[in-house]
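Hello,

Here is the structure I promised to pass on. My notes follow below it.

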Amino acid sequence: MNILGIDIGGTGIKGAPVDLESGKLLHERHRIDTPKPATPDAVADVVKTIVEHFGGGDRVGITFPGIVKNGVTRSAANVDKGWVDLDAAKHFVKKLGLPVTVVNDADAAGVAEVHFGAGRNVPGVVLMVTLGTGIGSALFLNGNLVPNTELGHIEVRGKDAEKRASERVREQKELSWKRWGANVGEYLGRLDALFSPDLFIIGGGVCKKADKFFPFLKKFTAVPILPAQLQNDAGIVGAALLAQHIAG
Ligand code: BGC
């Protein structure tokens, strides 16, 4: 079966067909800038262009940067508010004419890491956080996902955590690695206090530069911290995996 994974982010929408046995992309991914504003129609047009770029597929797994319950998008912190309470699965099916599964972006990335990456065969509580436009989270117990945890929105120093520790904040405020690393570390310390995880996985494009900020995290938590292994492909791979499991 040919399953495409498509990852909708605050800045880019990217997709590729995925080999579900190996977790590898079957073709180089195709990326298009997220339309501004990121309305449901504008985003679905981009998703369609990406699907057509690969000549279609049997089904499509799509990530969304907000809460997704049974295909309905329930929040939209960093995208157009037109997504709130939209039946996104139905919306994409109408546009693409293909079976579609819609899942939270961090949940998808976490599922990919637990299957093929840093969380593979790790028992106990694994907590992945993705540092990007916002902060996403994926919580696992013995490899099983608790969906839609939204831990990027817990408060640290009276502020939404993603307003202090996302990659976007680092860039916009031009924070040094040390300063931003302390914000991320403090955030992980809070999560440690609340969930006592056995492993943290850090995802998002910035995990390519883990050596720059990981040294600043250690003093805030004794929990092992690993960078995501699938890096920027995790969302695409996880979306495809979830499309297979849910629809299959
Ligand atoms: C959203 C989450 C999402 C995360 C990363 C947050 O603002 O609330 O649902 O996973 O950003 O995109």
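**Around the ligand**

In this predicted model, the side chain of H153 has an N or O atom 2.7 Å from an oxygen atom of the ligand, a polar contact in the sense of a pair of N or O atoms within 3.5 Å. The side chain of E150 has an N or O atom 2.4 Å from a ligand oxygen, and for N78 the side-chain distance is 3.3 Å. On its own the ligand exposes 320 Å², and the protein buries 94% of that (Shrake-Rupley areas, 1.4 Å probe).

The shell (residues with a heavy atom within 4 Å) includes P65, G66, I67, A77, N104, D105, I135, G136 and E162. By class it holds 4 nonpolar, 5 polar and 3 charged residues, with Gly counted as polar.

How is the chain divided? The domain assignment, automatic or from a database, gives domain 1 (3-104 + 233-247) and domain 2 (118-228). Their C-alpha centres are 24 Å apart, and 9 residues of domain 1 are in contact with 8 residues of domain 2 (heavy atoms within 4.5 Å). Why does the ligand lie between the domains? Because both of them give residues to the shell around it.

A note on conventions: residues are numbered from 1 along each chain as its sequence is written, and side-chain values use heavy atoms, without hydrogens and water. Local features need pLDDT of at least 70 and side-chain atom pairs pLDDT 80 or more, while totals for chains, interfaces and linings use all residues.

Best wishes

Technical notes
A polar contact is a pair of N or O atoms within 3.5 Å; within protein, one must be able to donate a hydrogen and the other to accept it, and residues adjacent in sequence count only if both atoms are side-chain atoms.
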